[in-house]
Amino acid sequence: MSRNLIIGAGLSVLFICLAALSFIWTPYDIEALDIPNKLQAPGGANLLGTDHFGRDILSMIMMGARTSIAVALVAVGIGMALGIPLGLLAAARHGSLLDELIMRGNDLVFAFPSLVIAILITAVFGASAVNAIIAIGIFNVPVFARLTRGAALPLWERDFILAARVCGKSAARISVEHILPNITNLMIVQGTIQFSLGILAEAALSYIGLGAQPPTASWGRMLADAQTLVSIAPHTALVPGFAILLMVLGLNLLGDGLRDWLDPRIRVARV
Amino acid sequence: MIRYALGRLTSLIISLFVASLVIFAVIEVIPGDPAAFMLGVNAQPDTIAALRAEMGLDQSVITRYFGWVTGLLQGDFGQSWTYKTPVAELISDRIWVSLPLAIYALILSTLIAFPAGIFAASRRGGPGDVTIMGATQLGVAIPNFWFAMILVLIFAINLRWFSAGGFPGWDNPLQALKSLTLPAIALALPQAAILARVMRSSLLDMLGEDFIRTARAKGLTRRQALWRHAVRNALIPVLTIIGLQFSFLLAGGIIIEQVFFLPGLGRLIFQSISARDLIVVESVVMLLVFTVIIVNFAVDLAYAAVDPRLRAKA
């Protein structure tokens with residue numbers, strides 16, 4: 001196993017554990033205001049300090065991890081659930097009008113600046129975590145559709161697919177039973193990368209007030225709150241920022257590590 | 001080439017048409033009456049009726065759509081409900097912040113990424129390469145608005161080299177550029193990290209090609225082969241990424257403008273969203289999407305002009 005994989009998996013597991021732990025325990029209650037104890041520096045009774053309402057930042061980071069992971073995970077789920085079948089379909093009907101339609105549709109979604117459309121969606125339907133998920137999820141669909149089609153097309157030329165066709169299997173059955181298992185690794189790696197992009201997108205949307213709404217904790221909103229406090233209490237901005245940075249870095253390293261680990265050809269080349 | 005360009009032009013027009021339909025539809029599907037939505041719950045019935053008439057809500061959807069599109073084509077973006085001024089005027093005031101910011105960031109990102117990528121590729125596996133690649137991993141993972149806050153903390157609050165925000169206008173170009181510097185750095189860094197990685201891997205691909213071996217065999221030094229043959233060919237994929245990045249920078253600028261209180265298109269969108277001024281939101285979003293699609297089209301054409309293989313593929 002490579003160093004990337006170990007560091008990446010370690011960081012990712014750390015944040016997932018923090019998020020999971022927050023369901024049963026956080027050091028303090030994040031909805032309890034403690035104004036006399038506000039803007040405490042890290043290291044005291046509150047390990048990572050307190051914010052302008054005296055809330056414990058470590059507890060908010062734990063709850064925020066939950067929001068980030070939930071939003072990004074569902075957004076990647078939407079992208080996979082719609083994108084992979086579309087990609088399989090396009091590959092199975094390669095060269096047909098349907099293929100052309102799916103791919104042109106993909107190009108179109110790709111051409112839209114995702115952030116602008118996310119803003120439009122939340123402007124019209126209101127700011128909420130659910131709308132943020134939909135906005136981020138839509139832009140994951142073409143990523144997976146394109147990748148699936150690209151990986152599935154060369155597989156369709158292979159002998160084992162020909163054998164399956166001779167056996168009388170339908171295109172749909174071949175796609176599910178033979179194509180899909182052969183592209184799973186690729187999807188896992190891309191899923192990790194999209195997951196990290198989702199975390200960044202969620203943070204950006206909450207930062208501008210279009211993501212999760214109070215009282216739900218979110219890293220992006222912690223940063224928005226910290227903006228006016230950064231000169232008197234830098235930790236309020238540093239801590240959530242490092243949380244995002246480490247989580248995204250961890251997922252990216254995990255993605256790189258998984259790609260090398262899951263692809264035997266690259267492993268052999270390295271030996 | 002002409003056939004290729006015509007093909008791309010057709011898909012450009014289709015893209016723009018579908019984009020306008022989508023944006024129009026999103027505003028259309030607002031639950032209830034858009035006029036009532038914009039004015040909020042306490043609006044008087046006669047105010048709503050006045051806005052309905054102004055937005056043309058008494059006409060059919062199709063008439064309204066074509067009215068909006070022909071207006072856009074003629075540079076008439078409608079009238080803002082909250083500002084009481086033409087949207088085109090609001091946009092032209094603010095585009096002179098957003099556009100220079102995106103271009104400034106694009107230049108910075110290229111200036112950082114090219115040397116870094118070329119240096120890393122030419123010393124593959126060495127300590128310089130490992131350091132640069134590590135730095136790009138960090139650059140990709142940093143949220144740019146947070147990086148912007150850190151820049152403000154260091155260079156505006158502690159060192160006092162720059163102001164923490166605001167824009168003095170273009171009357172004094174030097175001051176204006178100075179106030180766009182921190183935002184441009186914040187925008188450019190993550191893009192530079194991506195670009196440096198693309199530059200490096202594209203260059204490494206080229207260095208493995210036969211023509212580099214030929215160049216070395218005829219007596220060029222490593223450095224000469226790198227600069228005369230590899231870099232030039234490696235630039236093709238890099239240019240595509242630069243084109244795509246322009247759209248990220250323009251859209252990403254929306255958030256960075258919030259951090260630095262810059263009066264650009266981003267702030268206009270947010271003020272319009274909170275004021276529920278959908279006419280402005282709709283037109284600014286369409287303008288941004290339009291710009292991105294046009295830039296991507298231009299990149300495709302430039303790409304095909306440089307690399308004849310692509311024309312055949314299309």
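Mentor: Let us start with the residues that touch: G253(B), I254(B), I255(B), E257(B) and Q258(B) of α10(B) meet L265(B), G266(B), R267(B), I269(B) and F270(B) of α11(B). Being in contact says that the C-beta atoms of two residues, placed from the backbone, lie within 7 Å. Helices here are DSSP runs (H or I, at least four residues), numbered from the N terminus. By type, this contact of α10(B) with α11(B) divides into five nonpolar, three polar and two charged residues. Ala, Val, Leu, Ile, Met, Phe, Trp, Tyr, Cys and Pro count as nonpolar, Asp, Glu, Lys and Arg as charged, and the others, Gly among them, as polar.

Please keep in mind that this is a predicted model, where local features need pLDDT of at least 70, side-chain atom pairs count only at pLDDT 80 or more, and totals for chains, interfaces and linings use all residues. Residues are numbered from 1 along each chain as its sequence is written, while chains are lettered from A and ligands numbered from 1 in the order in which they are written.

Now for the geometry. In chain B, helix α10 covers residues 222–260 and helix α11 covers residues 265–274. Their axes are 7 Å apart and the packing angle is about 80°. Axes are lines fitted to C-alpha atoms, for helices over the stretch in contact, and angles run from 0 to 180 degrees between N-to-C directions. The two helices, α10(B) and α11(B), are therefore roughly perpendicular to each other, a label for angles of 65 to 115 degrees.

For comparison, turn to chain A, where helix α2 (residues 57–92) packs with helix α6 (residues 141–156) at about 35°, with axes 7 Å apart. The contact of α2(A) with α6(A) has 16 nonpolar, four polar and two charged residues.

Definitions and conventions: Parallel < 35°, antiparallel > 145°, perpendicular 65-115°, else oblique.
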